[in-house]
Amino acid sequence: MTFRQVTWLLAAALLSACGQGSGDVQVFGGDTDTINHHITLHQHRVAIRVASAPKAVVDASGQLFVDSKPVPVNDAQRALLQRYNASAEAMRTDAIATGKAGMATAAQALNAAAGHIIGGDSAEGTKDKVEAAAQSVKQSAAKICDDLAEMKSAQDALVTQLDAFKPYGQALADKDVEKCRHDTAH
């Protein structure tokens, strides 16, 4: 891998982590975070929009609202709703951390390149430093996929245990998690 390729990799990682990627996880770090075309996070509330049902909202306390009306839930369902919301919050936190790691890595890459230009490091030494930094960004980005998988798992459990949640059972698909893992592995 050339230094130029590593620099482009870092830029791509930074852009996707900060929300400009073309995949299913789109925008993090703003006032409203878009998880995919159906799910957003705003002020600790996960909103789910699907064509076949009114908007649903899951808050941090584990309350489900459908069409702005609270849905009665038992303790087990509330725990699943809390898990669902917490996964979205974790995804936001990890995406912001990945973006910051990407920025730090890009700065490190620029410093390493400058050091190489003025004769401080060999080309191989510069390449090794940048590749090590890029690997840490990849590992950080992989946490986002773990959060997405956790959210998908909670969604699947909710579909089986809470009738009011069934229409929202396809907001996240297995392919979303697979695509995330594929994108962060390459």
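Which two residues form a disulfide, and how far apart are their sulfur atoms? They are C145 and C180, with 2.1 Å between the sulfurs. Keep this pair in mind as you go through the views below, which show a predicted model.

**View 1. Surface and interior of the protein.** Of the 186 residues, 42% are buried. The accessible surface is about 9600 Å², and carbon and sulfur atoms supply 56% of that area. Among contacts with a separation of 6 or more, 57% join residues 24 or more positions apart.

**View 2. The disulfide between C145 and C180.** Searching the whole structure turns up one disulfide. In general, such a link is a covalent bond between the sulfur atoms of two cysteines. The torsion about the S-S bond of C145 and C180 is about -85°, so this disulfide is left-handed. C145 sits in helix 3 (residues 123–161) and C180 in helix 4 (residues 174–185), so the pair ties together parts that lie 35 residues apart in sequence.

View 3. Are C145 and C180 buried or exposed? C145 has 0% relative accessibility and therefore counts as buried. C180, at 10% relative accessibility, counts as buried too, because the cut-off for buried is under 20%.

How values were computed: Residues are numbered from 1 along each chain as its sequence is written. This is a predicted model: local features need pLDDT of at least 70, side-chain atom pairs count only at pLDDT 80 or more; totals for chains, interfaces and linings use all residues. Side-chain values use heavy atoms; hydrogens and water are left out. Buried means under 20% relative accessible area, exposed over 50%, partly exposed in between (1.4 Å probe, protein chains only). Contact means heavy atoms within 4.5 Å. Accessible areas come from the Shrake-Rupley method with a 1.4 Å probe; for residues, only the protein chains shown count as cover. A disulfide is a pair of cysteine sulfur atoms within 2.5 Å. Helices (H or I, at least four residues) and strands (E, at least two) are DSSP runs, numbered from the N terminus.
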